[in-house]
Amino acid sequence: MQEKELKFDVEEARNIFIHDRYAMVTSGVDILEVADGYAKCCFVPDERHKNARNAVMGGALFTLADFTFAVASNYNKPYGTVTNVSQISFLRGASDGTIYAESKLIKDGRTCCTYEIDVTNDKGVLLAVVNVNGVHVPKV
């Protein structure tokens, strides 16, 4: 895959995105890889991520996916990108172990982009698929 061939500095990405406090501080998401149009992030669920059934809440999985999209679509870019439309399909529940999200660029245009994010458990089982249409905006 071409995106992964052009890897960027993960520590620099962490220093930039630490300002996304909800994902990185409150939810405990970490950036593992970042490249052009690509990011891989993870978190280890604990009690704050669980619902009354002791399963990881769908919102926690969505936070991971949305943040992974944000890293892939904003890091090392001359513009910002925000979510315009996002859809998640939950395929299987999760309870314990590390959860990963990989965001891959599908198409990048002048004003819009499309990404697909796969959310998996530490055994590689697909838990959810997220499709995001983003809009490029001026950096603040």
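Modeller: Let us begin with a definition: strands are DSSP runs of E with at least two residues, numbered from the N terminus. In this predicted model, T98 lies in the loop between β3 (80-90) and β4.

Colleague: Why is T98 called buried?

Modeller: Buried means under 20% relative accessible area. T98 has 18% relative accessibility, and therefore it counts as buried. Leaving out residues up to four places away in sequence, T98 touches C42, F43, V44, T120, N121 and D122.

Colleague: What makes β1 and β3 the edge strands?

Modeller: The open sheet has six strands in the order β1-β2-β4-β5-β6-β3, with antiparallel pairing. β1 and β3 each pair on one side only, and they are the edge strands.

Colleague: Which residues touch the most other members of the largest nonpolar core?

Modeller: They are I31, F67, I99, I117 and V119, in a core of 32 residues. The largest share of this core, eight residues, comes from α4.

Colleague: Where does α4 lie?

Modeller: α4 lies across β1, β2, β3, β4, β5 and β6, and runs at about 150 degrees to β2.

Note on methods: Residues numbered from 1 in each chain as written. Predicted model: local features only at pLDDT ≥ 70, side-chain atom pairs only at ≥ 80, totals over all residues. Heavy atoms only, no water. Core = buried A, V, L, I, M, F, W, Y, C linked by side-chain atoms within 4.5 Å. Buried < 20%, exposed > 50% of the residue type's maximum accessible area, 1.4 Å probe, protein only. Helix = DSSP H or I, 4+ residues; strand = E, 2+ residues; numbered from the N terminus. Contact = heavy atoms within 4.5 Å. Pairing = 2+ DSSP bridges. Axes fitted to C-alpha atoms, helices over the stretch in contact; angles between N-to-C directions.
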